[in-house]
Amino acid sequence: MTDTEHGAARTAAAFHAVYGAEPTGTWAAPGRVNLIGEHTDYNDGFVMPLALPHTTIAAAAPRTDGVLRLHSAGAPGGPVTLRTDDLAPPARGADWAAYPAGVVWAMRAAGLPIGGADLHYSSTVPLGAGLSSSAALEVATALALDDLYGLGLPRAELARLAQRAENGYVGVPCGIMDQTAAACCTAGHALFLDTRDLTHRHVPFDLAAEGLRLLVVDTRVRHQLGDGAYAQRRAGCERGARALGVRALRDVPYAHLPAALDALASDPVVRDLVRHIVTENHRVERTVAHLDAGRPRAIGPLLTAGHASLRDDFKVSCPELDLAVDTANAAGALGARMTGGGFGGSALVLVEAAAADPVTDALHAAFAAAGHTPPRIFPAAPGPGAHRLGP
Ligand code: ADP
Ligand code: MG
C-alpha cells in the first residue's frame, strides 16, 4: 500500500469509529506552495503554485435528513452538528468547522442540490504554515460533496465555490490561487494561473527526472503584523494602479516600468510596491519560459531575485525567511525565496539532488546559531490535485 492508500484506509476507519458506519468514499486534496508570483493575485497577475504531497483526506457519506456532521482528527472534541438549512454567514466563532460548513453553504447558495452529510478529516498538511491547509480542507469537502451528490462540476468551479466559502462564510479575503491549486494541479507540473481570467496551464516541473529537489523550509514562525500589513499592501497597490491610470498593476507592461516609477516618484512606498508587482509578473513569465524550454535550473536566480524584491520593495519578509534564503544560497542552492504572504511561514529552496542534505544541514545549523525555532524542512515534488482515493 502507498502512503496515500494507508491514509485513505486510516481515515475511513476513523470515520467508522466516529459515526459507526462505513463512509461512501474518501477524497484527497493537497496543500500547495507557490513557486513564484507573490502578492500578484490581487493585482490580476500571474501565480505558479504546485501541489504538495501532503493532503487532507475527507471520508464522507450522504445523509437524507439535512444534517451536516463534521469531525477532524486535527481538532479537539466530537463532531460538530449543523443543519444545512441553518447555514448562513458570518460563521459563528472562528471554528475550524466554518471552512467545510462554508463549502456546503456556498454550494447551496449557488443553487446546487447538496443535502446533509457526515464528514471526517485527517490531514498531513501543516496547519497555518502558509501551505494552505484551509484550501485543502475546502476542496476535499467540495469534491466529496460533488461526488456524493453526483454533480460532476468542473475543477475550476469547485475552486470558485471553495473560495466563496472562505471569503463569504469564514470571512477571509483570500484570492483564488490556493483553491485552484488544490483542485487543478497535476503531478510533475506547476500550475501557471492567470488570476484575471482564471485560465491556467500545466507547466512541466519534473524535479526527480531533472535530478533536482525543491525543499520547503517551514520556519514555524508567524509574526503578528500579518493581517494589517496585507491590507496596507493591497491598498497601496490599488493606489498605484489608480495613479497610473490602469485597471490593475497587471496592466503595467514590464517595458513601461521605468516611466511608471518616475510617475510615482513622489510616493516612494507605492513606487516600491509597484516595482515588486511588475517585476514579479515578469519573473513568472520568465520562469514559465525556462520550464517550457526544459531549463529548470535557470529559474534559480529568478527565485532569489523574487525574494530580494519581496524583502526590499514589498517589505513582507522577516529575519527567519531571510536567513533561510541566504543560508541556502550560501550552501550551494540554485535559488531560494520566501513563499506565501510573508512575515513568517515558509521558504522554498531549489537544489541539485546531491546538495539537498548539505543545504538542509546548513539551514538547521544557521537557525540554531541564530536562536530561532528549529525549522521543519521537507522535499516537495509536485503532486496531483484533488482526487477520489477510493470507496
Ligand atoms: P493555512 O491555510 O496556510 O494552513 P489558514 O489560517 O488559512 O492557514 O488555515 C488554517 C486553519 O484551517 C486552521 O486553523 C483550522 O481552523 C483549519 N483547518 C485546516 N485544515 C484542517 C483540518 N484538517 N482539521 C481541522 N481544521 C483544519
Ligand atoms: Mg489558508
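**View 1. Asp44 in the loop between β1 and β2, and Leu198 in the loop between β7 and β8.** In this predicted model, Asp44 is found in the loop that runs between β1 and β2, the latter spanning residues 46-47. Its phi is near 60 degrees, which is a positive value in a residue other than glycine. Asp44 has 19 other C-beta atoms within 10 Å and is therefore partly exposed, since a residue counts as buried if 20 or more such atoms lie within that distance. Leu198 also has a positive phi, near 65 degrees, and is likewise a residue other than glycine; Leu198 sits in the loop between β7 and β8, where β8 covers residues 200-204. With 13 other C-beta atoms within 10 Å, Leu198 is partly exposed. Most residues other than glycine have a negative phi.

**View 2. The cis peptide bond from Pro89 to Pro90.** The peptide bond that leads from Pro89 to Pro90 is cis, and its omega is near -5 degrees. Pro90 itself has its place in the loop that connects β5, residues 80-83, with α2, residues 98-109. Most peptide bonds are trans.

**View 3. The shell around ligand 1.** Ligand 1 is surrounded by 17 residues, of which Ser72, Gly74, Trp96, Ser123 and Ser133 are the closest. Two elements, β6 (116-123) and α3 (133-148), each supply at least two residues of this shell, and the largest share, 3 residues, comes from α3. By residue class, the shell around ligand 1 divides into 8 nonpolar and 9 polar residues, with no charged residue.

**View 4. Asp178 in helix α5.** Asp178 carries the feature "active site" in UniProt, where the entry concerned is unreviewed. The residue lies in helix α5, which comprises residues 177-184. Asp178 is buried, because 29 other C-beta atoms lie within 10 Å. When residues up to four places away in sequence are not counted, Asp178 touches Arg32, Ser132 and Ala135.

**View 5. Arg283 in helix α9.** Helix α9, residues 268-292, holds Arg283, which is buried, with 25 other C-beta atoms within 10 Å. Leaving aside neighbours within four places in sequence, Arg283 is in contact with Ile36, Leu302, Ala305 and Gly306.

**View 6. The contact between domain 1 and domain 2.** The protein chain is divided into domain 1, residues 3-202, and domain 2, residues 205-379, and the C-alpha centres of the two domains lie 26 Å apart. Across the boundary, 25 residues of domain 1 are in contact with 32 residues of domain 2. On the side of domain 1 that touches domain 2, the elements giving two or more residues are β1 (25-34) and β7 (189-194), and β7 gives the most, with 3 residues. The residues on this side of domain 1 divide into 12 nonpolar, 10 polar and 3 charged.

Conventions. Residues are numbered from 1 along each chain as its sequence is written. Chains are lettered from A and ligands numbered from 1 in the order in which they are written. This is a predicted model: local features need pLDDT of at least 70, side-chain atom pairs count only at pLDDT 80 or more; totals for chains, interfaces and linings use all residues. A residue is near a molecule or strand if its C-beta atom, placed from the backbone, lies within 6 Å of it. Helices (H or I, at least four residues) and strands (E, at least two) are DSSP runs, numbered from the N terminus. Ala, Val, Leu, Ile, Met, Phe, Trp, Tyr, Cys and Pro count as nonpolar, Asp, Glu, Lys and Arg as charged, and the others, Gly among them, as polar. UniProt positions are given in the numbering used here, feature names are shortened, and annotations may be inferred rather than shown by experiment. A residue is buried if 20 or more other C-beta atoms lie within 10 Å of its own, exposed if 12 or fewer, and partly exposed in between; C-beta atoms are placed from the backbone. Two residues are in contact if their C-beta atoms, placed from the backbone, lie within 7 Å. Domain bounds come from an automatic or database domain assignment.
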